[in-house]
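Subject: Structure handover

Hello,

Here is the structure for you to look over. Please open it first, then read the notes below.

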Amino acid sequence: MGRVVARTVLSDRDAYRSKVHRCLEALRRMVAEGRFAADELRTGVELELALVDEGMSPAMLNHAVLDRSASDLLTTELGRWNLEINLPPRTLPGASACELEDDVVASIGCARRSAAVVGATPVTIGILPTLRPEHLDSDQLTDDPRYDLLNRQMVGARGEPFHLDIAEPDRAASHPPEHLVLDVDSIAPEAACTSLQLHLQLTPETFPAHWNAAQAIAGVQVALAANSPFLLGHRLWAETRVPLFEQSVDVRPVELRNQGVRPRVWFGDRWASSVTDLFEENVRYFPALLPLTDDEDPLAVLDDGGAPQLHELRLHSGTVWRWNRPVYDVAEGVAHLRLENRVLPAGPTAIDAVANALFFYGLVRALVALEHPPWTSMTFAAAHENFVAGAQHGLDAQLFWPGEGTVPVDRLVLDRLLPLARSGLQAWGVDPDVAERYLAVIEARCRTGCTGASWQTSMVHALEKDGCTRPTAMARMLERYVSNMAENIPVHAWPLT
């Protein structure tokens with residue numbers, strides 16, 4: 001949304017709705033006429049950062065850091081303690097993944113140097129554990145008209161405070177589950193969700209199968225990468241970012257939820273048969289949050305042989321936060337489609353992030369090539385249940401997989417999915433040694449049972465046993481986290497001391 005909105009004066013809603021439908025008509029025509037970039041492997045990565053001060057509390061200094069940075073890859077995000085790195089698109093073959101890791105390390109290093117000047121440090125983590133309720137007030141949003149407009153529109157659509165209600169899954173009787181309940185006056189809690197977003201360029205023909213594959217493995221992804229166990233002093237889900245994101249931008253009051261109105265952070269409710277289905281669902285089910293019209297006539301642009309920008313459709317789809325989102329864009333006058341995977345949290349390290357990315361890219365490629373891919377014998381509801389279970393329990397989750405039944409996620413990955421990911425990376429042309437560097441990280445996580453979430457909770461538990469209060473334990477844990485992150489050691493090898 002931030003890269004698309006250029007003004008903040010809202011248009012007539014009927015005119016906007018009409019324009020969105022005209023964009024859809026243009027999109028359908030482009031698909032029918034093959035007006036998209038050719039099938040070419042191109043990937044992209046966005047990585048969100050949190051800023052902390054010397055005491056490990058959020059540092060509300062994103063503009064100050066940007067003012068001191070020479071990098072054009074850094075930009076603001078919703079919260080004043082957030083930054084985002086947008087790495088340029090690249091292909092996967094050969095050793096490109098190692099270059100991606102180098103770029104992530106270099107970009108974080110650039111942010112670190114700029115932040116140090118103002119007494120801050122960047123952290124790649126799913127949720128900053130030292131956040132306090134006062135950090136989630138509306139005055140902690142980044143000072144930018146785009147974010148202010150989005151906040152005002154969403155607060156107005158909801159008509160009452162946003163309600164957070166997240167409980168730790170009751171896995172044992174050894175302690176009662178922790179439970180967070182809080183009402184907030186803005187969408188600022190969404191800024192607490194820092195993520196790694198992966199892009200894959202596709203064609204209209206290849207998009208549905210890849211989207212289905214991404215949905216089928218979302219539960220596995222989040223279980224393997226969980227890195228958000230704490231929120232406002234409470235230990236909650238292994239990947240608390242999932243329910244927090246869903247609740248922090250839920251503009252439905254209780255009555256609309258009871259009617260079954262869909263949430264704007266949405267897993268979906270069926271497998272896709274065409275990319276236009278997904279865009280049409282976005283328009284059919286969700287009212288406009290940002291009705292801003294452009295002068296472009298997309299059908300006239302098509303008639304002239306051009307590629308329309310589809311401003312209204314892109315903006316609208318940008319305010320429907322699917323966990324796997326279809327993206328339309330135009331580059332150098334050519335339209336293209338991307339799958340944006342939004343499942344993963346940020347961090348813990350650059351090598352962990354690239355391992356998560358390579359596992360995703362390899363696995364979706366392999367699943368699409370199967371004679372009987374999993375979505376042909378797996379209900380969509382089962383995929384969603386896997387997603388919730390993976391977010392709740394991390395590597396302790398039990399997930400359903402066709403031909404396996406309900407099994408521990410670590411065994412599913414080691415026995416079935418890692419070999420598929422290897423074959424998928426081979427099909428992409430990734431150098432075998434490079435593929436092994438990153439898939440070995442995924443394998444080691446499964447064998448040790450250590451993710452960012454489990455490391456954080458174990459460290460906090462150990463510090464509490466030594467007499468620390470929860471806030472002190474989380475701050476000291478985060479100090480160790482930042483130190484380990486700077487060394488770029490994969491999280492499964494981090495010491496618990």
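Four elements stand out around the largest cavity: β1 (43–52), α3 (96–117), β7 (195–202) and α12 (350–369) each supply at least two residues of its lining. Please keep in mind that this is a predicted model.

**Cavities**

The structure holds three cavities of 30 Å³ or more. The largest has a volume of about 50 Å³. Its lining consists of V45, L47, L100, V104, L196, L198, A353, V354 and A357. Which element gives the most to that lining? It is α12, with three residues. By class, the lining of the largest cavity has nine nonpolar residues, no polar ones and no charged ones.

The second largest cavity has a volume of about 40 Å³. Around it sit E48, E77, L78, N82, E190, A191, C193 and T194. The lining of this second largest cavity divides into three nonpolar, two polar and three charged residues. A general point on method: rolling a probe the size of a water molecule over the atoms shows where empty space is left.

**Aromatic pairs**

The count comes to 14 aromatic pairs. One of them is W211 with F380, and this pair is stacked. The ring centres are 6.3 Å apart, with 15 degrees between the planes. W211 lies in helix α5 (residues 207–216) and F380 in helix α13 (residues 380–393), so the pair ties together parts that are 169 residues apart in sequence. Are these two residues buried or exposed? W211 is buried, with a relative accessible area of 1%. F380 is buried as well, at 8%.

Next come F245 and W321. Their ring centres are 6.4 Å apart and their planes stand at 65 degrees, so this pair is edge-to-face. The cut-off for that class is over 60 degrees. F245 belongs to helix α7 (residues 241–248) and W321 to strand β11 (residues 321–322). The pair links distant parts of the chain, 76 residues apart. F245 is buried, with a relative accessible area of 5%. W321 counts as buried too, at 10% relative accessibility.

Both pairs belong to a wider set. Ring pairs link W211, F245, F267, W271, W321, W323, F380 and F387 into a cluster.

**Charges over a ring**

Look at Y285 next. The charged end of R262 sits over the ring of Y285, 3.6 Å from the ring centre. R284 lies over the face of Y285 as well, at 5.5 Å from the ring centre.

**Strands and their faces**

In a regular strand the side chains alternate between the two faces of the sheet. Strand β5 (residues 162–167) has a covered face made of F162, L164 and I166. Its uncovered face holds H163, D165 and A167. What is the partner of β5? Strand β6 (residues 179–184) is joined to β5 by six bridges, and the two run antiparallel. Within that pairing, I166 stands opposite L180 in β6.

Strand β14 (residues 398–401) also has two faces. L399 and W401 are on the covered face, and Q398 and F400 are on the uncovered one. Four bridges join β14 to strand β15 (residues 405–408), and these strands run antiparallel. W401 stands opposite G405 in β15. The hairpin of β14 and β15 has three residues between the strands. In this hairpin, G403 takes a positive phi near 85 degrees.

**The loop between α12 and α13**

P373 is found in the loop between α12 and α13. P373 counts as buried, at 9% relative accessibility. The C-alpha atoms of P373 and A357 are separated by 21 Å, with the two residues 16 apart along the chain. A357 also lines the largest cavity.

E371 is found in the loop between α12 and α13 too. In contrast to P373, which is buried, E371 counts as exposed, at 71% relative accessibility. The C-alpha atoms of E371 and A389 are separated by 27 Å, and these residues are 18 apart along the chain.

Best wishes

How values were computed:
Residues numbered from 1 in each chain as written. Predicted model: local features only at pLDDT ≥ 70, side-chain atom pairs only at ≥ 80, totals over all residues. Heavy atoms only, no water. 1 Å grid on protein atoms, 1.4 Å probe; cavity = no way out; pocket = protein on both sides within 12 Å on 5 of 7 lines; lining within 4 Å. Points joined across faces, edges and corners; volume = space filled by probe spheres on them. Nonpolar A, V, L, I, M, F, W, Y, C, P; charged D, E, K, R; others polar. Phe/Tyr/Trp six-rings, centres within 6.5 Å; stacked < 30°, edge-to-face > 60°. Buried < 20%, exposed > 50% of the residue type's maximum accessible area, 1.4 Å probe, protein only. Lys NZ or Arg CZ within 6 Å of the ring centre and 35° of its normal. Pairing = 2+ DSSP bridges.
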